[in-house]
Amino acid sequence: MDIFKARKVSKEIAGVKVLQDISLCVSQGETIAIKGTNGSGKSSLIKLIGGIYEPSYGNIERAEMNIGYVPEHFPENIRFSINDYLHLIAKISGKLEQKINKKIESYVDVFAIGEFLQTPLRKCSKGTKQKVGIIQALLKEPDLILLDEPLTGLDQTTQSKVIKLLQAFANNTTIILTTHEQVLISELAPRIIEVDKGKIISDSFVEIKEKLNIIKAKVPQNSILQELTFIDQKLIEENTVEVKVPFTESDKVLKILLEQGCSIIELKEMR
Amino acid sequence: MSSFVHYQIKSYIQSLKFIPPASLFLLWIFILYTYDNAPILSSYGASSIAIYLTITWISMTVFSLEEEQEKYILFFQLGRKEKYLIGKWLSIIVISLPLHAFAIFYPIMTDSFKGSLSLPLILISVSSHVIFSFFGILIGTLFSATKWGTKKYSWLSAVLVIVLSISAKSLAELASIANWFLWIFPPVFTVIKHMEEGDEILFLESLFTDSIFVLLYLIISFALLIILFKRKES
């Protein structure tokens with residue numbers, strides 16, 4: 001089912017054409033990355049899809065959808081604490097109090113922002129604000145998630161958490177994101193739309209390759225490797241093992257290795 | 001919608017933007033009732049004008065509470081842009097309630113009137129405060145939530161419209177040609193004329209027709225504002 005269709009759409013703001021001759025069709029369940037240089041029209045395109053912008057010329061059709069939106073820059077001047085903000089915003093979207101608490105707790109844990117819950121948002125760091133920006137959109141349990149440069153200002157650990165979360169959502173939600181980050185494109189989006197000067201210059205599909213990490217660890221005794229039969233492992237020398245794990249499983253495997261008394265020698269991305 | 005109104009009011013209180021208009025309004029009321037034996041209807045007429053200015057001011061500050069990104073997030077959380085506008089209007093109405101209460105009850109509690117209050121007098125007075133606050137919301141919205149509001153001189157334009165609407169009768173007397181464009185401004189005189197002739201309400205045909213006119217003016221204006229707001233936010 002198509003949730004968005006645009007035919008020869010252009011958008012003019014204050015006399016400037018920010019989008020030109022856009023023809024695009026988005027189906028339910030797709031994950032799409034919109035890439036392009038700064039000022040190429042990525043954010044405008046996402047706003048057109050979401051309904052913030054209406055076309056100046058051309059026709060569009062939008063299905064009625066529950067949309068979650070993550071802006072490129074989270075608002076600077078929100079006076080509420082993170083906790084108050086998330087509760088208020090979830091209630092605005094019509095979520096029940098009991099459900100809200102559980103959901104907020106789980107996202108707060110995932111993004112490790114528990115210690116800042118009572119901090120006014122305007123005093124939080126850019127990264128924390130970005131995390132709150134992502135949480136408010138996910139709390140809505142949207143049918144379509146629009147993310148404008150979602151990894152801006154986030155550290156590597158949080159970036160991989162965001163990717164993991166989006167991968168989980170991608171199973172039953174349409175995701176459209178703008179990005180400069182190759183990691184998002186290669187791990188999440190099979191469809192890539194490239195824009196330049198407000199025009200779509202390419203619309204292609206790629207195969208998603210699963211990114212792997214290589215962990216080299218010293219094991220106290222070889223027998224514990226039996227605990228790790230579910231991963232690709234190789235004993236490279238006495239008491240030293242090398243394991244290949246999917247990027248998204250790295251945290252889990254590292255935890256198991258450490259619990260078994262192993263010491264991590266090296267962790268690197270497989271190229 | 002009640003959650004959005006809650007969000008707005010909480011945000012407005014924390015911004016402290018209510019302090020200047022509310023303080024000025026309270027001061028106005030205190031000064032208005034400095035002396036006892038005030039005539040009922042014309043005093044309430046004066047406080048209605050104060051409400052008009054104050055609510056215009058409050059409306060403009062309520063509409064400027066959020067920056068663009070926060071507004072977009074709220075659009076998506078609410079699901080429709082119209083809900084945002086209507087939620088703002090409801091928030092302004094809730095914010096204005098204590099001011100209405102103060103304007104109506106302060107002179108009663110301080111026994112400032114020379115006559116005694118009757119139910120019709122109270123009804124007329126409350127209605128005039130409500131109507132003037134709607135006029136204020138109208139002007140405030142026009143110059144802060146439509147394309148008129150993005151102009152550099154939105155505050156100045158709002159003040160100009162208020163002054164023109166209040167002085168419409170005098171302007172029309174000076175030059176009858178002014179009637180050709182003055183009808184577009186909030187019909188302040190249509191309301192106030194019923195409050196300036198002593199404390200006796202004359203239930204004339206004109207009161208009924210004027211009420212219908214004001215009601216129609218408000219309905220059409222608010223409908224137009226929704227269209228103008230949607231045009232701006234597209």
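In this predicted model, the largest nonpolar core comprises 116 residues, of which A:I34, A:L86, A:L146 and A:I176 touch the most other members. Helix α3 of chain B (residues 40–63) contributes the largest share of this core, with 14 residues. In soluble globular proteins, nonpolar side chains tend to be buried together. Beyond its neighbours within four places in sequence, A:I176 is in contact with A:V26, A:I32, A:I34, A:I46, A:I49 and A:L146. Another core lies apart from the largest one and holds nine residues, including A:V241, A:V243, A:V253 and A:C262.

Strand β5 of chain A (residues 67–70) is buried at each of its positions, with A:I67 and A:Y69 pointing one way and A:G68 and A:V70 the other. β5(A) runs parallel to strand β6 of chain A (residues 144–148), to which four bridges join it. Within this pairing, A:V70 stands opposite A:L147 of β6(A).

Helix α2 of chain A (residues 82–92) is mostly covered, as eight of its eleven residues are buried. The buried residues are A:I82, A:Y85, A:L86, A:H87, A:L88, A:I89, A:A90 and A:I92; of these, A:L86 is also one of the residues that touch the most other members of the largest core. The cover over the buried residues of α2(A) is drawn from both chains and includes α3 (97–111) and α4 (126–139) of chain A, together with α1 (2–15) and α4 (68–78) of chain B. Just after α2(A), A:G94 adopts a positive phi of about 90°.

Between the two chains, 17 residues of chain B are in contact with 22 residues of chain A. On the side of chain B that touches chain A, α1 and α4 of chain B each supply at least two residues, and α4(B) gives the most, with eight. By class, this side of chain B has seven nonpolar, eight polar and two charged residues.

Chain B itself contains eleven helices and zero strands. Its radius of gyration is 18 Å, close to the 17 Å that the globule rule gives for 234 residues, and chain B is therefore as compact as a globular protein of that length. The C-alpha trace of chain B spans about 55 × 45 × 30 Å along its principal axes. Of the 234 residues of chain B, 38% count as buried. Among contacts in chain B between residues at least 6 apart in sequence, 77% join residues at least 24 apart.

Note on methods. Residues numbered from 1 in each chain as written. Chains lettered and ligands numbered in written order. Predicted model: local features only at pLDDT ≥ 70, side-chain atom pairs only at ≥ 80, totals over all residues. Buried ≥ 20, exposed ≤ 12 C-beta atoms within 10 Å, placed from the backbone. Pairing = 2+ DSSP bridges. Core = buried A, V, L, I, M, F, W, Y, C linked by C-beta atoms within 7 Å. Contact = placed C-beta atoms within 7 Å. Nonpolar A, V, L, I, M, F, W, Y, C, P; charged D, E, K, R; others polar. Rg over C-alpha atoms; globule rule 2.2 N^0.38 Å.
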